[in-house]
Amino acid sequence: MRSWKNNWKHIMMVGALLLALSACTMSPYQVITDYDKDATFDHYQTYYWSDEFQNNQNESADPLFYNSLTKKRLKKAIQKELEGRGYVLDANDPDLLVDARVIVEQTNERSTIYQPYYYGYYPYSMPVNNAERKAGSVVIDLIDKERRQLIWQGYAPEVVEMDTKDKQAEIRSAVAMIFAEYEHRGDS
């Protein structure tokens with residue numbers, strides 16, 4: 001016959017395993033989109049970059065997230081997604097204007113040490129430190145040029161890390177995640 005302690009250990013191990021497995025299946029990022037329900041998306045065929053995206057030089061922006069390299073990477077990734085959906089880049093008379101940016105978000109992260117269950121002692125946690133973390137959130141706006149009206153927006157929070165080795169890959173991945181939620185025209 002098993003002792004109560006052995007049964008409890010078994011239950012705790014199975015619970016920890018199930019929690020770990022469920023964490024592996026969840027996406028670390030949540031994309032948020034919104035759109036104008038009155039917009040007729042089939043009528044849009046062409047796009048170009050908005051003036052704000054091309055010329056905005058926000059002096060207070062974090063230079064690690066807002067610079068000409070970031071803008072170039074955003075444009076390349078967005079162009080791939082839009083052209084994969086049948087849109088055509090048109091500098092002369094676009095139907096849509098595209099605005100995109102990386103917004104710096106600062107969060108506090110608290111590290112914790114968890115003491116495992118050994119020899120009959122109950123688990124406990126102990127806070128270690130608080131650290132500030134900066135991450136970039138990607139925002140993409142599609143604007144009806146004629147009406148000067150936002151018709152679709154996608155937002156991927158905290159997807160570009162400050163100290164990443166490959167910002168281009170992170171931006172490309174963030175833009176792909178955002179456009180995966182774009183259901184208004186074709187498949188990429």
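This is a predicted model: local features need pLDDT of at least 70, side-chain atom pairs count only at pLDDT 80 or more; totals for chains, interfaces and linings use all residues.
The secondary structure of the protein comprises four helices and six strands. Read from the N terminus, the order of these elements is α-β-β-α-α-β-β-β-β-α. The protein has 188 residues, and 30% of them are buried. Of the contacts between residues at least 6 apart in sequence, 72% link residues that are at least 24 apart.

Helix α3 covers residues 68-84, which makes 17 residues. The buried residues of α3 are Thr70, Lys71, Leu74, Ala77, Ile78, Glu81 and Leu82. Viewed down the axis of α3, these buried residues fall within an arc of 140°, and therefore they line one face of the helix. The other side of α3 carries Ser68, Lys72, Lys76 and Lys80, which are exposed. After α3 comes Gly86, with a positive phi near 95°.

Helix α4, residues 167-179, has 13 residues. From its first C-alpha to its last, α4 reaches 18 Å, close to the 18 Å expected at 1.5 Å a residue. Buried in α4 are Lys167, Glu170, Ile171, Ala174, Val175, Ile178 and Phe179. Their directions, seen down the axis of α4, lie within an arc of 160°, so the buried residues of this helix also line one face.

How do these two helices pack? The axes of α3 and α4 come within 9 Å and cross at roughly 40°. The two helices are therefore oblique to each other, and their crossing is right-handed. On the α3 side, the contact is made by Thr70, Arg73, Leu74, Lys76, Ala77, Ile78, Glu81 and Leu82. The α4 side contributes Lys167, Gln168, Ile171, Arg172, Val175, Ala176 and Phe179. Several of these residues can be traced back to the buried sets, among them Leu74 and Ile78 of α3 and Ile171 and Val175 of α4. Lys76, which takes part in the contact, is listed with the exposed residues of α3.

The segment after α4 contains His184. This residue counts as buried because its relative accessibility is 19%, and the cut-off for buried is under 20%. Leaving aside neighbours within four places in sequence, His184 is in contact with Tyr35, Phe41, Asp42 and Trp152.

Leu150 and Tyr35 are 115 residues apart in sequence, while their C-alpha atoms are 7.9 Å apart in space. With neighbours within four places in sequence left out, the contacts of Leu150 are Asp36, Asp141, Leu142 and Ile143. The relative accessible area of Leu150 is 38%, so this residue is partly exposed.

Arg148 lies in the loop between β5 (124-144) and β6. Its relative accessibility is 59%, and therefore Arg148 counts as exposed. Most residues other than glycine have a negative phi. Arg148 is a residue other than glycine with a positive phi, near 55°.

Terms used. Residues are numbered from 1 along each chain as its sequence is written. Side-chain values use heavy atoms; hydrogens and water are left out. The expected span of a helix is 1.5 Å times one less than its number of residues. Buried means under 20% relative accessible area, exposed over 50%, partly exposed in between (1.4 Å probe, protein chains only). The arc is that of the directions from the helix axis to the C-beta atoms. Axes are lines fitted to C-alpha atoms, for helices over the stretch in contact, and angles run from 0 to 180 degrees between N-to-C directions. Angles under 35 degrees count as roughly parallel, over 145 as roughly antiparallel, 65 to 115 as roughly perpendicular and the rest as oblique. A crossing is left-handed if the near helix is turned anticlockwise from the far one by less than a right angle, and right-handed if clockwise. Contact means heavy atoms within 4.5 Å.
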